[in-house]
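This briefing walks through a single protein chain, topic by topic. Please keep the structure in view while reading, and look up each part as it is named.

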Amino acid sequence: MEDIITLTIVDREGEEHVIEAPTDMGLNLMELSRANELPVEGTCGGMALCASCHCYILTDHELPEPSEDEEDMLDQAFFVEDNSRLGCQIHLHGELDGLKIQLAPQSE
Ligand code: FES
């Protein structure tokens, strides 16, 4: 397990941001995006209640199954695809090294 992993986040303009992230701080993808000044609002604070952290998973990393709350929220979100997830529900750990995600378009 790595203490620092490298992820790529593609923003809404298609620009790729390669980000090094610690795995020992309990961060999730929403918090990591915000910490790197990417335009992710995280309005609900990571409670799976707002979908402002909606993103697409571009690599085939194994991720935990979405919780019922996450699935409910994605049911109500716009632009949902098969690879849609809520960033706040994905916590960083060593096996996510190399993960690439894209921020979903904003709903309004
Ligand atoms: S921050 Fe609100 S659903 Fe993720």
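This is a predicted model: local features need pLDDT of at least 70, side-chain atom pairs count only at pLDDT 80 or more; totals for chains, interfaces and linings use all residues.

Helices (H or I, at least four residues) and strands (E, at least two) are DSSP runs, numbered from the N terminus.

- Five strands make up an open sheet with mixed pairing, and their order is E2-E1-E5-E3-E4.
- Strand E2 (16–22) and strand E4 (84–86) are at the edges and have a single partner strand each, so one side of each is left without a neighbour in the sheet.
- From one strand to the next, the twist averages 35 degrees.
- Seven bridges join E1 and E2, which pair in the antiparallel sense, and the bridge partner that Ile9 has in E2 is His17.

**The nonpolar core**
- The largest nonpolar core contains 20 residues, and Leu29, Cys53 and Cys55 have the most contacts inside it.
- At least two residues of this core come from each of strand E1 (4–10), helix H1 (29–35) and strand E5 (100–103), with H1 giving the most, namely three residues.
- When neighbours within four places in sequence are left aside, Leu29 is in contact with Cys53, Cys55, Gly87, Ile90 and Ile101.

**Two residues with positive phi**
- Glu37 lies in the loop between H1 and strand E3 (54–57), and its phi is near 60 degrees, a positive value in a residue other than glycine.
- Glu37 counts as exposed because it has 8 C-beta neighbours inside 10 Å, where the cut-off for exposed is 12 or fewer.
- Ala48 is found in the loop between H1 and E3 and, although not a glycine, has a positive phi of about 60 degrees.
- Ala48 counts as partly exposed because it has 19 C-beta neighbours inside 10 Å, whereas a buried residue needs 20 or more.

Terms used: Residues are numbered from 1 along each chain as its sequence is written. A nonpolar core is a set of buried Ala, Val, Leu, Ile, Met, Phe, Trp, Tyr and Cys residues joined through C-beta atoms within 7 Å. Two residues are in contact if their C-beta atoms, placed from the backbone, lie within 7 Å. Two strands pair if DSSP finds at least two bridges between them. Axes are lines fitted to C-alpha atoms, for helices over the stretch in contact, and angles run from 0 to 180 degrees between N-to-C directions.
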